[in-house]
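The sequence and structure come first.

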Amino acid sequence: FCVARLIERVNMVGLVSATVALVTLVAWQSDAAYIHNADEAALLAAAEEGKGMLLEFYAPWCGHCKNLAPEYEALGALYAKADSVLIASIDATEQKALANKFAISGYPSIKWIAANKGLNPDAATDVRVDRNAEALSAYVNQATGLTKKISKETAVVTLTEDNFDREVLADDDTSVLVEFYAPWCGHCKALAPKYDALSMLFAGEKKIKIAALDADGAKRLSTKYGVTGYPTIKLFKAGQKDAPIKYEQPREVKNFIEFLNEELGTDLTPTGDVTEGAGVLDGLTSLFAEVARSGSSAEKAAATIKEKIEGAENSDYASYYSKVLSNLESKGADYIHKEALRLEKMLKGALKPQQKRSVQRRINVLTSIRDEL
């Protein structure tokens, strides 16, 4: 198995989950239940084990195949540990002899071969269901008696013409990223798992929503916001809802995050952590060091800190700085060291994503002060 193949596939479909990538890497093992870019030898080995086989014949240049790719890889991850079934994709432009045996004339073509039928084209059935992981898993389950189910995690807010004003416009303090999509749009289907992943990263973050509107069924809103193609993505920024910003960068999770960080001052990374220095407010670190040293300028430094905190845009950051100042004045510099160690230990435990990011920001604040002492 060539790792370059995996890289090529990831480049073709965009960002995939770490779980799917791991499944792909181990797929060439003989006992694997998912093989990407399978050849005839790998399929024959699975057939000899009596496995039922779902085979996708695709072409790298095919748009419909690109749309199916993230769904099919999610399907592969779902059955990764199944002993009785193999999920495989075959590059028909490379495995031409195999594609000819199965009389492949269009892409993608999906075939099902029941258990103990061998790699026999005459035993293959055309799979004619919707090209998504849910529909394909339902087909495989029915054919094998398995009960695997796709678990879709999303925090995307579903918008309609009835709730759009309430969810997007009513709260002028909350920014909302809105995807205007159409259910039949291939590019929208390809974006869906990435948009879900983006929503999960920002789930629990204050003052921001990730939302989506079926614009094909909401013509009034489509016209109002100048939607002429799908997907169209616009940021309804807090305080500027009457002039939404059109997103025109690549439709990848990391690019969405960079865009939101720049526009909204958020501090997330594609891994779900916070950026370096997140939580640290400019101009405060040296002042806290002055207070910690308890010198002649400590009282003046504390007063300046309080003024800056009151004028800070991020109230959460300001609130934590206020807490640190209070503890520093009452407990001395040891508080900074001990609290940083306590939080670093906490970070190693089981925390929810939002809790983890909050702890990371606090550690950044404390270590920035500690480094000045």
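Is K194 buried or exposed? K194 is buried, at a relative accessible area of 9% (buried means under 20%, exposed over 50%, partly exposed in between, with a 1.4 Å probe and protein chains only). The model is predicted: local features need pLDDT of at least 70, side-chain atom pairs count only at pLDDT 80 or more, and totals for chains, interfaces and linings use all residues. Residues are numbered from 1 along each chain as its sequence is written, and side-chain values use heavy atoms, without hydrogens and water.

**Salt bridges**
- A salt bridge is a side-chain nitrogen of Lys or Arg within 4 Å of a carboxyl oxygen of Asp or Glu; the count comes to 15 salt bridges.
- K194 pairs with E252 in a salt bridge, at 3.3 Å from N to O.
- E252 sits in the loop between β10 and α10 (253-264) and K194 in helix α8 (residues 186-202), so the pair ties together parts 58 residues apart in sequence (helices, H or I of at least four residues, and strands, E of at least two, are DSSP runs numbered from the N terminus).
- E252 is partly exposed, with 23% relative accessibility.

**Contacts of helix α15**
- E205 and R361 form a salt bridge, with the closest N and O atoms 3.2 Å apart.
- E205 lies in the loop between α8 and β8 (208-214) and R361 in helix α15 (residues 353-370), so this pair joins parts 156 residues apart in sequence.
- E205 is buried at 14%, and R361 is buried at 14%.
- A network of salt bridges links E205, D267, R357 and R361.
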